[in-house]
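Biologist: Hi! Could you walk me through this one while I have it open?
Modeller: Happy to, let's bring it up.

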Amino acid sequence: MISTNTNEPLLRADKVSRIYGKGSQAVHALKGAELVVYPGQLIALKGRSGSGKTTLLNILAALDQPSEGAVYHGTRDTAAMSERQRNELRRKEVGLIFQSFALVPYMTAYENVEFGLRIAGVDSKKRKAWAEQALQFVGMKQRMHHLPPEMSGGEQQRTAIARAIAHKPKLVLADEPTAELDSKMGLQVLKVFRDLVEQEGISILLTTHDPAIMEIVDHVYELEDGFIVQKQA
């Protein structure tokens, strides 16, 4: 097991609010949410549909900006970054996993992962090795020449995980990664996450409403009506 946990946060949300619209039409999607992710942690952000989980995840990924408060990657405030710097942050340091897998259907598993490395700006001499390493880690190397329609849901999600980790990010943000999977496939994906944290030292923050996930994570934040209402160890 790789222990990378330090006293310095990898990611921190400081009183983050997100308001859509103005005046009487304003919708407060987040209301002063706070959380901290340290290196080498697997953390769940739980809450029912509409509680603000995806909104917060998008802000943490610098895909959106808070109306109030701040998000820090290390000591860097995402609001102070240019759009180019935010794009660079996602390409180099953050991996994103989506509920819908978001694989290119006419590309093989290998091509999907390698294409992600191209976007991340990884040198051509490294892309093949890094893509194959990531696919092997998630148990997909034997299936790497298959297209997404030829894969099960669990295999597609493991390919999506390989794409998210191939560029060796410090942090992975995953939006409901097991929502489209049955319980058996979901557990396989959760084991991959646990292995990534323990063997690779990657930090993972995932949104979920699946109670099974709570058993394998290090911390749980609960989001209710835009507020972080409790934190469980």
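**Helix packing, then the sheet**

Modeller: This is a predicted model. Let's begin with helix H3, whose buried residues pack against helix H4 (124–137) and helix H5 (153–165).

Biologist: Nice. Which residues of H3 are buried?
Modeller: H3 covers residues 109–119, and the buried ones are Ala109, Tyr110, Asn112, Val113, Glu114 and Leu117.

Biologist: And what follows H3?
Modeller: Gly121 does, with a positive phi near 80°.

Biologist: Switching to the strands: in what order do they sit in the sheet?
Modeller: The order is E2-E1-E4-E5, an open sheet of four strands with antiparallel pairing. Strand E2 (27–37) and strand E5 (76–77) are at the edges, each pairing on one side only.

Biologist: How many bridges join E1 to E2?
Modeller: Seven, with the two strands running antiparallel. As one example, Ala13 has Leu35 in E2 as its bridge partner.

Biologist: I also noticed Arg18. Where is it found?
Modeller: Arg18 belongs to strand E1, residues 11–20.

Biologist: Is Arg18 buried or exposed?
Modeller: Buried, because its relative accessibility is 15% and the cut-off for buried is under 20%.

Biologist: What does its side chain, the Arg18 one, pair up with in a polar contact?
Modeller: The side chain of Asp64, at 2.9 Å.

Biologist: Which other residues is Arg18 in contact with?
Modeller: Setting aside neighbours within four places in sequence, Arg18 is in contact with residues including Val27, His28, Ala29 and Leu30. Thr55, Ile59, Gln65, Pro66 and Ser67 are also among them.

Technical notes. Residues are numbered from 1 along each chain as its sequence is written. This is a predicted model: local features need pLDDT of at least 70, side-chain atom pairs count only at pLDDT 80 or more; totals for chains, interfaces and linings use all residues. Side-chain values use heavy atoms; hydrogens and water are left out. Buried means under 20% relative accessible area, exposed over 50%, partly exposed in between (1.4 Å probe, protein chains only). Contact means heavy atoms within 4.5 Å. A polar contact is a pair of N or O atoms within 3.5 Å; within protein, one must be able to donate a hydrogen and the other to accept it, and residues adjacent in sequence count only if both atoms are side-chain atoms. Two strands pair if DSSP finds at least two bridges between them.
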